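These notes are meant to be read beside the sequence and the coordinates.

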Amino acid sequence: MPPPPRRTLAIDYGTRRIGLALSDATGTLATPLTTLTRRAGKRPPIARILGLARRHRVGRFVVGLPLDPDGGENSWTDEVRDFGRRLGDRSGLPVHYVDEEYSSAEAEARIRSIGLPRKRKEDKARIDAAAAAIILQDWLDARSLDAPPPVDERR
């Protein structure tokens with residue numbers, strides 16, 4: 001029996017929280033997974049991300065890249081790319097980048113539209129995981145159309 005398809009784990013990398021989302025086994029649908037909290041002054045929780053990746057049989061990562069409105073890169077983009085490089089080096093898995101423009105705003109709007117109650121701390125975590133799902137769904141949709149995500153080419 002062949003092994004099941006490898007899933008994709010998306011990451012919305014932030015200064016305080018890291019939202020994670022997971023694709024289904026067919027690579028069609030993105031679902032919010034969880035949100036990890038970053039501790040001030042500490043390294044990103046790469047080991048925790050890798051543990052989740054092993055548990056969910058992940059074969060690649062998609063990282064949201066914070067580009068300027070004109071598509072340019074900045075110091076935060078550099079930090080996110082550095083995180084992606086370290087994640088790829090430690091895991092041995094490919095890391096793809098996708099423009100995350102407005103993913104958090106879109107995630108918040110979707111959460112509010114379904115009428116979930118406001119709980120400040122839980123809202124932020126829920127929004128970060130939902131933003132990761134939006135980033136992943138954009139990447140999956142572009143991939144299904146055989147159109148490479150444009151940010152991947154800017155390495």
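1. A residue counts as buried under 20% relative accessible area, as exposed over 50%, and as partly exposed in between, with a 1.4 Å probe and protein chains only. The model is a predicted one, in which local features need pLDDT of at least 70 and side-chain atom pairs count only at pLDDT 80 or more, while totals for chains, interfaces and linings use all residues. Residues are numbered from 1 along each chain as its sequence is written, and side-chain values rest on heavy atoms, with hydrogens and water left out.

2. The chain contains four helices and five strands, where helices (H or I, at least four residues) and strands (E, at least two) are DSSP runs numbered from the N terminus. Read from the N terminus, the order of the elements is β-β-β-α-β-α-β-α-α. Of the 155 residues, 43% count as buried. Among contacts with a separation of 6 or more, 63% come from residues 24 or more positions apart, a contact being heavy atoms within 4.5 Å.

3. Two aromatic pairs are found in a search of the whole structure; rings of Phe, Tyr and Trp (its six-membered ring) pair if their centres lie within 6.5 Å, and planes under 30 degrees apart count as stacked, over 60 as edge-to-face and the rest as tilted. Tyr-13 and Trp-76 are stacked, because their ring centres are 5.6 Å apart and their planes meet at 25 degrees. This pair links distant parts of the chain, with Tyr-13 in strand β1 (residues 7–13) and Trp-76 in helix α2 (residues 75–91), 63 residues apart. Tyr-13 is buried at a relative accessible area of 3%, whereas Trp-76, at 24%, is partly exposed.

4. Tyr-13 also forms a stacked pair with Phe-83, at 4.3 Å centre to centre and with 25 degrees between the planes. Here again distant parts of the chain are linked, since Tyr-13 lies in strand β1 and Phe-83 in helix α2, 70 residues apart. Both Tyr-13 and Phe-83 are buried, and ring pairs join Tyr-13, Trp-76 and Phe-83 into a cluster.

5. The search for salt bridges (a side-chain nitrogen of Lys or Arg within 4 Å of a carboxyl oxygen of Asp or Glu) returns three for the whole structure. In one of them, Arg-17 pairs with Asp-128, and their closest N and O atoms are 2.4 Å apart. Arg-17 belongs to strand β2 (residues 17–23) and Asp-128 to helix α4 (residues 120–144), so the bridge ties together parts that are 111 residues apart in sequence. Arg-17 is partly exposed at 24% relative accessibility, while Asp-128 is buried at 10%.

6. Arg-81 deserves a separate reading. Its salt bridge is with Glu-73, the closest N and O atoms being 2.9 Å apart, and Arg-81 also lies over the face of Tyr-97, at 4.8 Å from the ring centre; a charge sits over a ring if NZ of Lys or CZ of Arg is within 6 Å of the ring centre and within 35 degrees of the ring normal. Arg-81 counts as buried at 7% relative accessibility, whereas Glu-73 is partly exposed with a relative accessible area of 34%.

7. Asp-82 and Arg-86 form a further salt bridge, with closest N and O atoms 3.2 Å apart. Both residues lie in helix α2, four residues apart, about one turn of the helix. Asp-82 is partly exposed at 33% relative accessibility, and Arg-86 is partly exposed at 30%.
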